[in-house]
Amino acid sequence: MDWRCLFKLRLFSVERDRVQRKVCVGYLLSGMLTVIAILVDHHRPRPAYPLASTIRVYCMPQWFGLSDPAMEEALYEIASMRRFADFSLGSGSIPDETTILNFRHLLEKHGMAGRVIALINQYLVSVGYPG
């Protein structure tokens, strides 16, 4: 990952921290979050991670060109990615590559993968991030 990607992620993390209380992911995705939550509930073999965090973990590989194993490793190694997804090393577990893969496949199977990314990218452009 080059320095521009890390810089963009850091800026995004700072903006997220500033705006998160005003514009939550639930408002941004509204009904889509409900549908995703229902899908996840029906396909959950074990306790789930918070849905907003899981969606953030789903988006980061799309934005930074990471594979599922690389995303898992990045969550352990890169503090800004961990903060963006609202995970910490001390307070609980971090999704493994299989969990990331299964969530991505679930969204793709039900035709929601592209819509999630499009809505989030639309929001980023609306708050001033280049498209």
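**Exercise 1.** Over the ring of which residue does the charged end of Arg56 sit?

*Solution.* Keep in mind that the model is predicted. Start at Arg56 and look for the ring under its charged end: that ring belongs to Phe84. Then check the distance, which is 5.9 Å from the ring centre; the cut-off for this kind of arrangement is 6 Å.

**Exercise 2.** Work out the overall make-up of the protein: how many helices and how many strands are there?

*Solution.* Count the elements to get eight helices and zero strands. Reading along the sequence then gives α-α-α-α-α-α-α-α. Next, turn to burial: 40% of the 131 residues count as buried. The accessible surface comes to about 7,600 Å², and carbon and sulfur atoms hold 58% of that. Finally, take the contacts between residues at least 6 apart in sequence: 72% of them join residues at least 24 apart.

**Exercise 3.** Classify the aromatic pair of Tyr49 and Phe87, and say where its two members lie.

*Solution.* The ring centres are within the 6.5 Å limit for a pair, and the count by this rule is three aromatic pairs. For Tyr49 and Phe87 the centres are 5.8 Å apart, with 85° between the planes. Planes over 60 degrees apart count as edge-to-face, so that is the label for Tyr49 and Phe87. Now place them: Tyr49 is in the loop between α3 (31–42) and α4 (51–64), while Phe87 is in the loop between α6 (79–84) and α7 (97–109). The pair thus links parts of the chain 38 residues apart.

**Exercise 4.** How do α4 and α8 cross, and which residues make the contact?

*Solution.* First, get the geometry: the axes of α4 and α8 (residues 113–126) come within 11 Å and cross at roughly 80°. Angles of 65 to 115 degrees count as roughly perpendicular, so α4 and α8 are roughly perpendicular to each other. Then list the contacts. From α4 come Ile55, Tyr58, Cys59, Gln62 and Trp63; from α8 come Ala113, Val116, Ile117, Ile120, Asn121 and Leu124.

Key. Residues are numbered from 1 along each chain as its sequence is written. This is a predicted model: local features need pLDDT of at least 70, side-chain atom pairs count only at pLDDT 80 or more; totals for chains, interfaces and linings use all residues. Side-chain values use heavy atoms; hydrogens and water are left out. Rings of Phe, Tyr and Trp (its six-membered ring) pair if their centres lie within 6.5 Å; planes under 30 degrees apart count as stacked, over 60 as edge-to-face and the rest as tilted. Helices (H or I, at least four residues) and strands (E, at least two) are DSSP runs, numbered from the N terminus. A charge sits over a ring if NZ of Lys or CZ of Arg is within 6 Å of the ring centre and within 35 degrees of the ring normal. Buried means under 20% relative accessible area, exposed over 50%, partly exposed in between (1.4 Å probe, protein chains only). Contact means heavy atoms within 4.5 Å. Accessible areas come from the Shrake-Rupley method with a 1.4 Å probe; for residues, only the protein chains shown count as cover. Axes are lines fitted to C-alpha atoms, for helices over the stretch in contact, and angles run from 0 to 180 degrees between N-to-C directions. Angles under 35 degrees count as roughly parallel, over 145 as roughly antiparallel, 65 to 115 as roughly perpendicular and the rest as oblique.
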